[in-house]
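Here are my comments on the model you sent. Please keep the structure open while you read them.

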Amino acid sequence: MANLTYDILWREAMLGLLDQMEAENPEDPALAPKTFGEWACAYVKYVEVFKKLERAYDQTVHPQKRLDMRGALEACMGRMLEVKHWLVKLNRGLDFPSLDDVLVDMKLTPDVMELPCPAYFREERAKELEDRNKFLAALADKYTVSGLAEPGPLPELAPLPEEEAIILIQANERGRQARERAQTMRTFKRQRQLEDRRARSGVVLTQEKAAIKIQAGVRGLLTRRHVHTTAQEELQFIGMKPKVAVAGELDPQALQQLTVLRRKDIQKQRLGEYEEAVVTLKSKVRVAEGQAMRETVQDKINAWFLENRDPETGEYPDFPDDTDAGSKVILNPPLPPPPPAPAADGKKGAKKAPEKPKGKGKGKGEAVEEKKEETVSSVFVSDLEAAVKLFVEKWQDHPEGANALAQKHEAELVRQELRPLVFEEVRLQVDEEMRVLLQNLKDMVEAERAAKSGKKGKAKKGKKGKKAKKGTETKGKGKKKKDPTADRSLESLYAELVSNGIIRPCPARPLQDYLGTVNLLGSVLQAQGLIPDPSCAQMRQVLTQYCIYPLASRYCHLKAPLIRSVLLYGAPNTGKTSLCQAVAHAAGANFFDLSPRNTDAKYPGKAVALMIHMVFKVAKVMAPSVIYIDEIEKVFVSDKKRSKEFGGTEAFNRIKKEMVKEMKGLGLEEQVLLIGCSAAPQMCVKKDEKAFMGFFDKHIYLPLPDYASRLAIWPGVIHRHGGEVDAKFDISTLAHISDGYSSGTIDQVVRSMITPRRLVRMPATKLSMAEALQWLCRAEPTSKDLLEALQDWTAKTPARAALLQTDEPAAAGKGKKSGKVEGKAKGKKK
């Protein structure tokens, strides 16, 4: 695409931001969004703007445009997260609000809500990630450490006994021979009937008539083939059928990918030219304008000396310290405070008596204190406004001219950006010089005063800095925890964790591999009082917003609502581990495996505290980091009898105490995320259940895929493993039959079906429906009892529990209250 395309995307996005900010802060406060529907519309618009900015930033070549675009992109990302958290609050604490009715009202398709993972998360750290992966690969080869084990194919059936195998082969061979004889006899019989018909009719088939019949048959065949080809081309054109790859012809998607890579190379080239120009032009600006800046600063400081000099003693004022911004206070003096508002009674300086809080008092007419209405957070609004203002002032009416095609840096804009930096450097230099000059002037004044009084002038010593009182620096900080690995380097700690299999290589697994679509009936179900299970598309959106964006972007991590731990729970093979790996890959994070089975027999006894300390220390220093714990429910089981049933040489809950302590110490500065996976969260009961639920900030349930998602999973998984299906392959029926199977089980079925040997025969023999059903029958569907237990546990999560309490029958509550009131009233009358 042309450069103009991405410029237009940028302009549309910034105008959309401007409209959205005006809609959220109208002149009439009554028009501001308040309801769930209004904020849902705002959220959808922020998602649209964010996707446009992300696409424009990814492909724009101009280096200065990209720098300004980056600020708008991250501010929009943060604001989108703010609005999402507010939507969750308005949605009664449920993390998956259904927006299908909002999308219908806005005339948008569900794919609008698909959130991208910005490429710059990894591209800007490409060198760091490459070096880290090389170091990790070398250590993994040295200590023979591999990634997490993938689930294997379905188990093979037991071999038949020799006698039964011979009988089966004989039966199949007899059947094949019988079919061949029947086909031969059918052809012979049809030919004989045709000859008898000709003999009875008396019509002689001449050579000319035979040629006419052959021509008619061939023309019919060619016409039918042309109609079929035209129909296939039409289906491919409207997107209802994939285009067949032609040898020697470039696929449009591959061609687009080549264009993207070419623009990436141009981006790097333009960025290098811009960085070189910054160094060159900075020295030029310093030479051309530095002296004028120096004189301006000196004149203002000299004027300040004269204005603030004591007229009686002739003493000069003290120069502001660097901690007080130095001469910035002189060059840009703060505005004077506004005058106090006049009192209500007209008396000057009269203070208004503070209002007494309306507390719960005795007697009649007691006033109830009103709670302050909670509103959406607006931390990112100021950054958004600054980004829009910068765009309007700098780029909206900026003429491209001859640079429209090359998109190189613009020297004049670079000079404008460098002038404040050069001015700051000159100001700091002038400050040092003026401090020396001021001290000399003070010495001269002191010497003159001493000469007049007949005493030797002694230069006043400069003010010594006040020594801090003993113990004041550490006061209030508390006792610092002793670091047991203070004498070890980070490389040695990292290597030790790799050797023990705690740091593992993370496969390059994109989040889009978690296939599935949107549930288009979510709003309908909610209107009937039901809470629908989250769809696969909603799962991708939530993990992108809760995990990837705050983990990969330090700007969002510091300002957005803090999420330190996430629980993914669901039936086995629903993709929990794969999603953890996708989050770590998208954010470019280190992957730590603290699963109980992985750490069993490692760091025995009290050494477990050292292991947890090392993991969190390395995770903080080498952030961003993902700490993955599989079967995390077993960490919180305190019953010793049940713990012995889990197997292992040591108790699985041995890491709990230190892990909880380290998690409490995580703050805004640490880009560390703990993701726990559980297939049986109901294993924790009573106090264990309370501790287990309270440990996580978010509880995300991974249900089985619905029909629409299975309709996307089957062809997607088959294509991923290199398979092709024939024309009679009925995906719809297969998706209906596979109800109750998890997405991981479907993937396991396809991997078992498409073996390397089957791939060799794929061009000649496509996959058939019978073949898929044959392998699907070997897999076991998910137990209904397990699904019911997971649903029951979901109802106990904090959001659902609060929802159930508020949804209790109101009639019963009203009846109880009215009975109490009536009883009190009768008592008073008596």
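Leaving aside its neighbours within four places in sequence, which residues is Val-88 in contact with?

1. The Val-88 contacts. Bear in mind that this is a predicted model. Beyond those sequence neighbours, Val-88 is in contact with Gly-93, Leu-94, Asp-95 and Tyr-546.

2. The setting of Val-88. Val-88 sits in helix α3, which covers residues 63-90. The Val-88 residue is buried, and its relative accessible area is 6%. Phe-36 lies 52 residues from Val-88 along the chain. The C-alpha atoms of Val-88 and Phe-36 are 9.4 Å apart.

3. Cysteines. Searching the whole structure gives zero disulfides. Take Cys-580: the nearest cysteine sulfur belongs to Cys-677, at 3.5 Å. A disulfide needs the two sulfur atoms within 2.5 Å, so Cys-580 is in no disulfide. Cys-580 is also buried, with a relative accessible area of 0%. Another cysteine, Cys-536, is buried with a relative accessible area of 7%.

4. The fold overall. The protein chain holds 31 helices and five strands. Take the contacts in the chain with a separation of 6 or more: 83% of them join residues 24 or more positions apart.

5. Surface and burial. The protein chain has 830 residues, and 37% of them count as buried. The chain exposes about 51000 Å².

Technical notes:
Residues numbered from 1 in each chain as written. Predicted model: local features only at pLDDT ≥ 70, side-chain atom pairs only at ≥ 80, totals over all residues. Heavy atoms only, no water. Helix = DSSP H or I, 4+ residues; strand = E, 2+ residues; numbered from the N terminus. Buried < 20%, exposed > 50% of the residue type's maximum accessible area, 1.4 Å probe, protein only. Contact = heavy atoms within 4.5 Å. Areas by Shrake-Rupley, 256 points an atom, 1.4 Å probe, with all protein chains shown as cover.
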